[in-house]
Amino acid sequence: RSGSVPFHSTVTAELVDTAALDGDYWYRNLRQQVRFADVVAALIADGAGAFVELSPHPGLTPAIDAAAEAAGAAERVAALRPGPAPSGSVDYGDYR
């Protein structure tokens, strides 16, 4: 069934209707190259103003930061995590 939140696929690097997320899609998700930077660039081109990773162990913030910088949109990445944010990211503090 289709969701109400836009889903940007790192398999296709396109906006995808979540009704299409079947077994074949998830198989391709595991077998194909992740197109994470392509999705970040597309989101920036579509007007995304900020990216926020909320996780006890953020691992995507540096990749988002690098992709945003490559797309000419540095200073758009925020981390809410225990401890300091990675270099180049905005640190909104420790949420513990």
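Reply: Along the sequence, the elements follow the pattern β-β-α-α-β-α-β-β, which gives the chain three helices and five strands. The model is a predicted one. Of the 96 residues of the chain, 25% count as buried. Among contacts with a separation of 6 or more, 39% join residues 24 or more positions apart.

The part to look at is the pair α2 and α3. Two packed helices are described by the angle between their axes and the distance between the axes. Here helix α2 covers residues 36-45 and helix α3 covers residues 61-70. Their axes come within 9 Å and cross at roughly 55°. Because of that angle, α2 is oblique to α3. The crossing of the two helices is right-handed.

Which residues make the contact between α2 and α3? From α2 they are F36, A37, V40 and I44, and from α3 they are A63, I64, A67 and A68. By class, the residues of this contact are eight nonpolar, no polar and no charged.

Several of these residues also belong to the largest nonpolar core, which has seven residues: V40, I44, F51, I64, A67, A68 and A73. Helices α2 and α3 each supply at least two residues of this core. The largest share, three residues, comes from α3.

Leaving aside residues up to four places away in sequence, V40 touches F51, I64, A67 and A68.

On the α3 side, the buried residues are T61, I64, D65, A67 and A68. I64, A67 and A68 are also in the contact with α2. Just after α3 comes G72, with a positive phi of about 80°.

A45 counts as exposed because its relative accessibility is 66%, and the cut-off for exposed is over 50%.

Most residues other than glycine have a negative phi. A13 is not a glycine, yet it has a positive phi of about 60°. A13 sits in the loop between β1 (7-8) and β2 (15-16). With a relative accessibility of 18%, A13 counts as buried, since the limit for buried is under 20%.

To return to the helix pair: α2 and α3 cross at roughly 55°, and their contact holds eight nonpolar residues.

Note on methods:
Residues numbered from 1 in each chain as written. Predicted model: local features only at pLDDT ≥ 70, side-chain atom pairs only at ≥ 80, totals over all residues. Heavy atoms only, no water. Axes fitted to C-alpha atoms, helices over the stretch in contact; angles between N-to-C directions. Helix = DSSP H or I, 4+ residues; strand = E, 2+ residues; numbered from the N terminus. Parallel < 35°, antiparallel > 145°, perpendicular 65-115°, else oblique. Left-handed = near helix turned anticlockwise from the far one by under 90°. Contact = heavy atoms within 4.5 Å. Nonpolar A, V, L, I, M, F, W, Y, C, P; charged D, E, K, R; others polar. Buried < 20%, exposed > 50% of the residue type's maximum accessible area, 1.4 Å probe, protein only. Core = buried A, V, L, I, M, F, W, Y, C linked by side-chain atoms within 4.5 Å.
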